[in-house]
Amino acid sequence: MGRLDGRVAVVTGAARGIGAATAKRLAADGAKVAVFDLKEEFTRDTVEAIRAAGGEAVGYGCDVSNADQVEQAISSVAERFGRLDILVNNAGIIRDNLLFKMTEDDWDMVMNVHLKGAFLCSRAAQRYMVQQKYGKIVNLSSTSALGNRGQANYSAAKAGLQGFTKTLAIELGPFNINVNAVAPGFIVTEMTRQTAERIGVDFEAFQKAAAERIPLRRVGRPEDIANVIAFLVSDDASYVSGQVIYVHGGRAAE
Ligand code: NAP
């Protein structure tokens, strides 16, 4: 018997990276998983991997920064499965640049996907969770919330998500809804590959240099984050709310 048997989960931005690993892990723990990404066809690999492993998954095209798409996708999940227990606000993008070169578009896009996206999805999902008097929300923050060169937009969004998490924990706690954030450090995904590309460093060398500064002497894998999210959305964490869990291999030496 799985720890999430009978639960229904939505994971946003789950076509690849941390979102895909999380969707697979929650399905392995017994949840029925709605795999969200910009287009339904992008979710195919994740959905097929879950089904091949004996789990249940359905893909949805949903741009989390679009209120109509979010309302529609979340209500079809609740209709299809009859409930909605878990929301993982994972969808994310980067538009890095030093402040003097950062465009208004770079700023707006990052805010819209991370912050507004988490707001829209949480607002839509809480309706079902409040009714059920049961729910788990996990937001993806980042160590960048503490400041990171070239990421004024992203750092602000990820710090904003921490305040958002703590506020939702206060507002939704009386309805038996736990709200927490996970703040990853360096995780090997397309996102960190893009960062290496932008600064013109070979991705392998980039990982090696990062690992040398991390006390556990390795960079993270998507599964390292999925494991912590799986705990936070389970009833083993039923008295944990309003927390930001850093998952970064120990604080990197500057
Ligand atoms: P990733 O590999 O780039 O995956 C992000 C996913 O989100 C992609 O499938 C992307 O779709 C999707 N997405 C982008 N915009 C979206 C939108 N508007 N609506 C729905 N889906 C959207 O990134 P990742 O590294 O797995 O990161 C996942 C989360 O962890 C993000 O919130 C990120 O900020 C956070 N995080 C990552 C790291 C790290 O080191 N990797 C560290 C700290 C925090 P497309 O492929 O179509 O663009």
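Me: How many residues of domain 1 are in contact with domain 2?
Reply: In this predicted model, 14 residues of domain 1 touch 11 residues of domain 2.

Me: Where do the two domains run?
Reply: Domain 1 covers 8–185 + 221–247. Domain 2 is 186–219.

Me: How far apart are their C-alpha centres?
Reply: The centres of domain 1 and domain 2 lie 23 Å apart.

Me: And what area is buried between them?
Reply: About 1,000 Å². Carbon and sulfur atoms give 58% of that buried area.

Me: Switching to charges. How many salt bridges cross the interface?
Reply: Two, by the rule, between domain 1 and domain 2.

Me: What does R198 pair with in a salt bridge?
Reply: D96. The R198 and D96 side chains meet at 3.5 Å, N to O.

Me: How many residue pairs are in polar contact between the domains?
Reply: Two, with both residues at pLDDT 80 or more.

Me: Which elements of domain 1 give two or more residues to the side touching domain 2?
Reply: Helix 1 (17–28) and helix 8 (222–232).

Me: Which one gives the largest share?
Reply: Helix 8, with three residues.

Me: What classes of residue make up that side of domain 1?
Reply: Seven are nonpolar, three polar and four charged.

Terms used:
Residues numbered from 1 in each chain as written. Predicted model: local features only at pLDDT ≥ 70, side-chain atom pairs only at ≥ 80, totals over all residues. Heavy atoms only, no water. Domains from an automatic or database assignment. Contact = heavy atoms within 4.5 Å. Buried area = accessible area lost by both parts, 1.4 Å probe. Salt bridge = Lys/Arg side-chain N within 4 Å of Asp/Glu carboxyl O. Polar contact = N/O pair within 3.5 Å; in protein donor to acceptor, adjacent residues only side chain to side chain. Helix = DSSP H or I, 4+ residues; strand = E, 2+ residues; numbered from the N terminus. Nonpolar A, V, L, I, M, F, W, Y, C, P; charged D, E, K, R; others polar.
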